[in-house]
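Please examine the sequence and the structure below before reading on.

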Amino acid sequence: SSDLSTRAAYIQDNPNLFYAKFLQAVTDIKIPEAPVLADGTIDSTFRLKYVRAHFFDNIDFTDERFLRTNLYDARIKKYLNDYIYKVPDSINPAVDFILEKAAVNKKTFQFITVMLLNDYATSKIMGYDAVYVYIVDKYYSTGKAFWLDDVGLYRIQAQAESVRPTLLGKTGQPLMLQDRNDNDIPLYSVQSKFTVIIFWSPDCGHCKKEMPKVEKLYPEIKALGGEIYAVYAETEFDKWEKWLDEHPVPWINVTDKKGKEMIEVKYHVDITPLIYVLDEHKKIIGKKLSIEQVPELLQNELAIEAATKGK
């Protein structure tokens, strides 16, 4: 605490020095005592609410010198990781809160907007692509990204549009694909409680590692009410059929033999293997999972359903 009081004195004595400003910016805010509620108990939510509202109070967003430090990256990540629930419904208002603070300076606003957009564009966390789409819709498509030309803006909007149909909670788009005997097996004909779509190819290195795991976990997935709809995502059908001959697997195997379904577009297939999990209404409840994560997701869904039925 003597360090903190020394720091506080230094900041007070040198208000115009950037170092003092920087020290102040990285100093956590002081949280007042939580108020006592009418029933005599302490308000247990006060601390979190106060930090959420005042976390950035010590930062002067008008000062462009902070842009040459890692301050914004470090502080914003701490805020989002430690004080905001990790779901888009909580992250989106937090993004708005941060960008409202940043809006006092054009360069600061640009820097932080681009940083947040890139973070959520490349996030591996399931569902965070919804935050990316939110930022594009609210800040880019409304003309606030003054630093971009039309081409740059179009590229970002096109990326958001390609992701939008596959966001969690959206209904999976229908697919009319064929089995090896050229029979149509529509995605929507799968009558199980859960449908696990796997986009894959026997040539892809990752798929070679993953498909044996799929075989191992299939009985468990099936027991939890899941069916696998495995989509060969390439066009060399003889390779696919050879693999099926060598691996007589029990799940549904299909491909786009008629070449009409635009699989890559409908399900944003930019990597293989790519897994989606749909519920009985074909709503997307999981995506970009490893096959090992699928049984856990199905168990969670069944537990939630049981709990809501019990209410």
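In this predicted model, helix 6 (residues 106-121) packs against helix 7 (residues 129-140) at an angle of about 150°, and their axes lie 7 Å apart. Angles over 145 degrees count as roughly antiparallel, and helix 6 and helix 7 are therefore roughly antiparallel to each other.

**The contact of helix 6 with helix 7**

- The crossing in which helix 6 passes helix 7 is left-handed.
- Helix 6 contributes Phe109, Thr113, Val114, Leu116, Leu117, Tyr120 and Ala121 to the contact.
- Helix 7 contributes Asp129, Val131, Tyr132, Ile135, Val136, Tyr139 and Tyr140.
- By residue class, the contact of helix 6 with helix 7 consists of 12 nonpolar residues, one polar residue and one charged residue.

**The largest nonpolar core**

- The largest nonpolar core holds 39 residues, of which Tyr72, Ile76, Leu80, Ile112, Leu116, Tyr120 and Ile135 touch the most other members.
- At least two residues of this core come from each of helix 4 (71-83), helix 5 (88-102), helix 6, helix 7 and helix 8 (150-163).
- Helix 7 supplies seven residues, the largest share of this core.

**Ile135 and its contacts**

- Which residues does Ile135 contact, leaving aside its neighbours within four places in sequence?
- These residues are Val95, Leu116, Leu117, Tyr120 and Tyr140.

**A second core**

- A separate, second core comprises 28 residues, among them Phe194, Ile198, Ala230 and Leu244.

Terms used
Residues numbered from 1 in each chain as written. Predicted model: local features only at pLDDT ≥ 70, side-chain atom pairs only at ≥ 80, totals over all residues. Heavy atoms only, no water. Axes fitted to C-alpha atoms, helices over the stretch in contact; angles between N-to-C directions. Helix = DSSP H or I, 4+ residues; strand = E, 2+ residues; numbered from the N terminus. Parallel < 35°, antiparallel > 145°, perpendicular 65-115°, else oblique. Left-handed = near helix turned anticlockwise from the far one by under 90°. Contact = heavy atoms within 4.5 Å. Nonpolar A, V, L, I, M, F, W, Y, C, P; charged D, E, K, R; others polar. Core = buried A, V, L, I, M, F, W, Y, C linked by side-chain atoms within 4.5 Å. Buried < 20%, exposed > 50% of the residue type's maximum accessible area, 1.4 Å probe, protein only.
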